[in-house]
Amino acid sequence: MNSDRKPVIVIKNLSKTFGDHKVLNQFTMELYEGETLVIMGKSGSGKSVMIKCLIGLETHDGGQITIMGKNLDTMDAATLNEIRTEVGFLFQGSALYDSMSVRENLEFPLRRHFKKFGEIGDATPLVMEALDSVGLGHTIDLMPEELSGGMKRRIAMARTLILKPKIILYDEPTTGLDPITSKEIVLLMKSIQQTYKTSSIVITHDVDCARFIADRMILLIDGINYAEGTYEELDRSQDPKIQAFFKK
Amino acid sequence: MEPFNVQRIKLGIFILTGTILFITGVYFIGKKQNMFGNTIELFAVFNNINGLKPGNNVRYSGINVGTVNEINMISDTVIVVTVTIEKEISRHIKKDSRCAITSDGLVGSMIINIIPGTEESQKINPGDTIFSLSRIRTDQMLQTLSVTNENAALLTAEMLKIAEGIGDGKGLIGAIIKDPAITEDVRAIITNLKNTTNSSNLAINQLNKILTSLDRNDNLIGSLRDTTLAVKVKNIINNVEISSVQISQILKQLETTISETRQTIANAREGKGAINYLSNDPMLVKKIDRTITHLDSTILEINQAGIQLNQNLDALKKTWLLRKQFKEEKK
Amino acid sequence: MNTFQNFITSIRAFLFETGELAFFAGRFFKEVFNRPFEWKEFARQCYHIGNKSLFLVAITGFIIGLVFTLQSRPKMIELGAVAWLPSMVSISIIREIGPIITALICAGRIGSGIGAELGSMRVTEQIDAMEVSGTNPFKFLVVTRILATTLMIPLLVIMSDAVALFGSFLVENIKGDVSFTLYFDEVFRAIKFSDVFPATLKTFFFGFAIGLVGCYKGYYCKHGTAGVGKTANAAVVEASMLVFILDFTAVLVTDIFTS
């Protein structure tokens with residue numbers, strides 16, 4: 001479709017095997033600059049594995065991943081760290097550090113990725129800016145255990161945003177949240193995308209979320225890129241495997 | 001971030017407490033083993049150490065004063081034990097102290113006991129050797145006793161024989177006791193002895209007289225006075241006296257010279273005299289000052305020499321041989 | 001036949017685990033010299049491992065000293081060797097009881113704590129999050145914790161020894177009318193450097209073992225939240241076992257060098 005746009009992530013023939021089970025089998029996709037790509041699939045279909053391969057948290061058995069023109073497999077640790085400042089990752093369960101306050105949680109990525117910002121004396125303005133963008137400025141000195149699930153998710157988003165990444169990977173951003181909170185999170189994602197002009201990959205099995213946010217969708221079935229298109233295109237499809245996702 | 005600082009302080013206290021506890025413990029253990037502080041090493045020689053081990057205590061008059069350091073077997077009967085003793089206590093230990101190995105209580109470990117020596121003896125020095133008090137063992141004691149007994153039996157037998165002989169008038173003593181002629185002879189001998197004593201008394205009196213006369217000048221010693229030797233001694237002493245007088249004159253002259261020089265310098269400092277310009281030259285003044293100091297010390301030395309000379313003379317005067325000579329000199 | 005196969009499987013699992021643990025330890029030694037060192041996290045762990053365990057360790061030490069003296073006293077009186085009680089108790093405490101009891105308590109408290117903490121961090125992807133944040137989670141979490149246990153447990157043992165001796169002194173003082181000076185004079189006379197140094201040295205190994213097993217179990221925790229509980233449990237069991245094995249080895253080695 002938009003072939004004139006620049007792809008920021010290119011995945012070619014990605015394979016990953018756990019024991020005898022082939023989770024990813026020659027999976028291929030591209031992410032273009034500025035778009036929000038939703039990847040849907042059943043539990044255990046390898047979505048999370050695929051997204052973790054993108055950031056070097058999992059290793060893959062075959063294929064090639066290129067992020068912002070750099071080959072992930074051949075790069076050294078320093079380059080990988082540089083890539084990681086450009087690619088934000090929102091974990092499934094928020095993954096806030098339990099033993100640290102909200103402020104420390106947000107400062108944590110700054111400690112190591114400071115190269116991007118130069119030496120930071122006092123990180124408070126940066127922390128406050130990130131917290132304000134998720135609307136939780138007042139929680140700065142609270143501990144994660146004092147926060148609700150939705151707040152944790154927002155703080156986690158703030159922690160991702162503090163590095164001002166160009167790409168954000170969302171791993172099931174609405175799991176474990178009630179529909180109203182889910183809605184809030186999705187709205188927040190949309191606003192972040194508009195404010196920071198980020199490209200995003202969203203992994204979810206929440207159809208409402210997908211409909212609201214997706215510029216483009218990929219269905220990951222049996223380890224391959226089964227179908228690709230806008231929400232409406234896929235919704236109209238007669239394929240029973242695709243229909244299984246959209247039937248209420 | 002205040003709680004974090006509090007945490008750090010508490011952690012610091014924790015670490016410090018632990019370290020101090022450890023160091024204190026180590027220090028006290030070391031102190032008990034005499035590892036730190038002033039100690040000296042001594043050697044003790046034994047031929048049996050009764051299971052003594054390094055680390056055992058050493059006692060002196062019942063006080064723990066040190067520990068056993070090392071045990072070395074020198075030969076089949078000589079074992080040298082190196083002991084460390086507190087320096088403080090070691091000055092009370094005399095050179096002729098003795099040591100013995102005893103056990104500390106019924107089931108206790110072995111200890112070395114140092115038994116105090118005599119009062120007159122010198123104090124012990126590092127590296128000295130203390131000899132062991134050889135303990136007489138019971139079997140040895142019994143052996144000696146039995147030998148003594150045998151000897152006593154033999155002696156008694158001999159005595160009995162002699163007594164019997166005397167009773168029978170055999171031998172010298174028997175003859176003395178039994179023979180009347182010998183008794184007469186003995187009497188005569190005693191009378192003679194008395195006479196001899198009397199005459200020897202007279203001889204002694206005469207000798208005394210001779211000796212008293214010796215004290216006077218006109219006899220034997222008088223002649224000694226006229227010998228060349230005496231003359232020579234006299235001359236030497238005269239010379240010494242003359243030279244001492246001369247030295248004291250020289251000294252007086254020197255002192256006047258110095259006081260004059262001092263005056264000159266004082267004048268110079270005040271701006272008088274011809275060497276006034278010299279005061280402008282501090283180096284020169286310093287030099288002169290130094291010269292004077294030298295002179296002063298020289299005088300001091302000469303004075304001391306004079307004093308020594310006088311002392312020598314005194315000593316000579318006191319010598320018994322020349323005492324009389326000097327008495328006469330004074331007259 | 002089936003039991004035999006099970007046996008073979010468990011042997012294989014044991015060997016695999018041992019190898020993995022050795023590899024993990026090797027990784028620790030490789031990373032511990034890599035800069036930058038996480039001082040702040042290290043201090044925080046020292047505080048949590050040292051200060052927070054002190055009360056428990058001190059109470060245990062005190063009671064051990066108290067009870068040990070109380071139990072030995074009647075027999076020593078019977079033997080007429082009650083004057084030997086301070087030296088006997090102090091040597092047992094310094095050489096063996098202090099280190100082993102403290103190490104076991106720490107294996108329980110610290111080993112399980114580290115196992116559960118790292119396990120839950122692994123399960124909730126906090127360790128992944130750290131990695132993405134550009135921090136080496138091994139350095140940040142594992143190196144600091146192992147170092148902290150290695151250095152803090154010897155200190156805890158020293159304090160526990162001191163408190164245990166004090167407890168023993170209290171019994172002697174109340175029951176036997178032994179003064180403070182006499183008691184500790186006896187104690188320090190009895191203890192030699194050859195008692196203190198091997199005993200202290202082995203506590204470093206105990207600390208290292210506790211930290212290593214706790215971190216290893218936690219770092220490779222699997223199977224979700226249920227796995228965290230299992231991890232904590234396994235960490236305690238394995239750390240205690242390792243402490244005993246190390247203690248046995250230490251005693252053997254000390255024996256070779258002192259006799």
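Predicted model: local features only at pLDDT ≥ 70, side-chain atom pairs only at ≥ 80, totals over all residues.
Residues are numbered from 1 along each chain as its sequence is written, and side-chain values use heavy atoms, without hydrogens and water.

**Chain C**
- Chain C contains 8 helices and 0 strands, taken as DSSP runs of H or I (at least four residues) and of E (at least two), numbered from the N terminus.
- Of its 259 residues, 51% are buried, meaning under 20% relative accessible area with a 1.4 Å probe, protein chains only.

**Nonpolar cores**
- A nonpolar core is a set of buried Ala, Val, Leu, Ile, Met, Phe, Trp, Tyr and Cys residues joined through side-chain atoms within 4.5 Å.
- The largest one has 86 residues, and A:Ile9, A:Met29 and A:Ile201 have the most contacts inside it.
- Helix α5 (residues 137-176) of chain C gives the most to this core, with 13 residues.
- Another core, apart from that one, has 46 residues, including A:Val127 and A:Met217.

**A:Arg153**
- A:Arg153 sits in helix α5 (residues 149-161) of chain A.
- A:Arg153 is buried without a salt bridge, and the nearest side chain of opposite charge, A:Glu172, is 8.1 Å away; a salt bridge needs a side-chain nitrogen of Lys or Arg within 4 Å of a carboxyl oxygen of Asp or Glu.
- A polar atom of the A:Arg153 side chain lies 3.4 Å from the backbone oxygen of A:Gln92.

How values were computed. Chains lettered and ligands numbered in written order. Buried < 20%, exposed > 50% of the residue type's maximum accessible area, 1.4 Å probe, protein only. Lys, Arg positive; Asp, Glu negative; His and termini not counted. Polar contact = N/O pair within 3.5 Å; in protein donor to acceptor, adjacent residues only side chain to side chain.
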